[in-house]
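Here's a quick briefing to read with the model open beside you. Have a look at the structure first, then work through the points below.

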Amino acid sequence: MKRIGLMCVGAALSWGVTLGAAHAQAVYKCSSSSYSEQPCSNRIVRTYDAPVPTPPKPHDVVAQRLPGETPEELALRRHRAHLSESDRDECARLDKRIPFERERLKKNPGEPDVDNAQSSLSESRKRFKQLRC
């Protein structure tokens, strides 16, 4: 028995709309998620009433490991998948800025610039927590 996935039902829907109801082919519902052009049940489904799959949301997509990516980088990318693109970019900038500010504090302990570095580091950490990076 030839089974048609939900994508084929969507194609049948657009095909049925373009050709009209007189030329539409009968589609039979075999189970809760499978359809067929061959009679497998008594239930005939009008293709314009058939469910149409919705595109996946960005946070629904399971991140797969990219070439050269470490498991830690993959975990971080999965953790940040729910963020908007601009927030992900800001988190990436903060990932580089926070260690830079820490090193700046370590290298110049006697400099008057230390207070500026400390306030910059605390602002970066605060923003990092706000974004839930």
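Which side chain does arginine 127 meet in a salt bridge? The partner is glutamate 90, at 2.8 Å from N to O. Bear in mind that this is a predicted model, where local features need pLDDT of at least 70, side-chain atom pairs count only at pLDDT 80 or more, and totals for chains, interfaces and linings use all residues. Residues are numbered from 1 along each chain as its sequence is written, and side-chain values use heavy atoms, with hydrogens and water left out.

**Salt bridges**

- The structure holds four salt bridges, a salt bridge being a side-chain nitrogen of Lys or Arg within 4 Å of a carboxyl oxygen of Asp or Glu.
- The side chains of arginine 127 and glutamate 90 make one of them.
- That pair links distant parts of the chain, with arginine 127 in helix 4 (residues 114–131) and glutamate 90 in helix 3 (residues 85–107), 37 residues apart.
- Helices (H or I, at least four residues) and strands (E, at least two) are DSSP runs, numbered from the N terminus.
- Arginine 127 counts as partly exposed at 29% relative accessibility; the cut-offs are under 20% relative accessible area for buried, over 50% for exposed, and partly exposed in between (1.4 Å probe, protein chains only).
- Glutamate 69 pairs with arginine 77 in a salt bridge, and their closest N and O atoms are 2.9 Å apart.
- In that pair, glutamate 69 is buried at 9% relative accessible area, while arginine 77 is partly exposed at 30%.
- Arginine 104 and glutamate 101 form a salt bridge too, at 3.2 Å from N to O.
- Both lie in helix 3, three residues apart, about one turn of the helix, and glutamate 101 is buried at 4% relative accessibility.

**Nonpolar core**

- The largest nonpolar core has five residues: Leu83, Cys91, Leu94, Leu131 and Cys133.
- Such a core is a set of buried Ala, Val, Leu, Ile, Met, Phe, Trp, Tyr and Cys residues joined through side-chain atoms within 4.5 Å.
- Setting aside neighbours within four places in sequence, cysteine 91 is in contact (heavy atoms within 4.5 Å) with Arg80, Leu83, Leu131 and Cys133.

**Other spots to check**

- Arginine 132 sits in the segment after helix 4, and has a positive phi, near 60 degrees, in a residue other than glycine.
- Arginine 132 is exposed, at 63% relative accessibility.
- Glutamate 37 is in the loop between strand 3 (35–36) and strand 4 (44–45), and is partly exposed at 30% relative accessible area.
- Glutamate 37 and alanine 26 are eleven residues apart in sequence and 6.5 Å apart in space, C-alpha to C-alpha.
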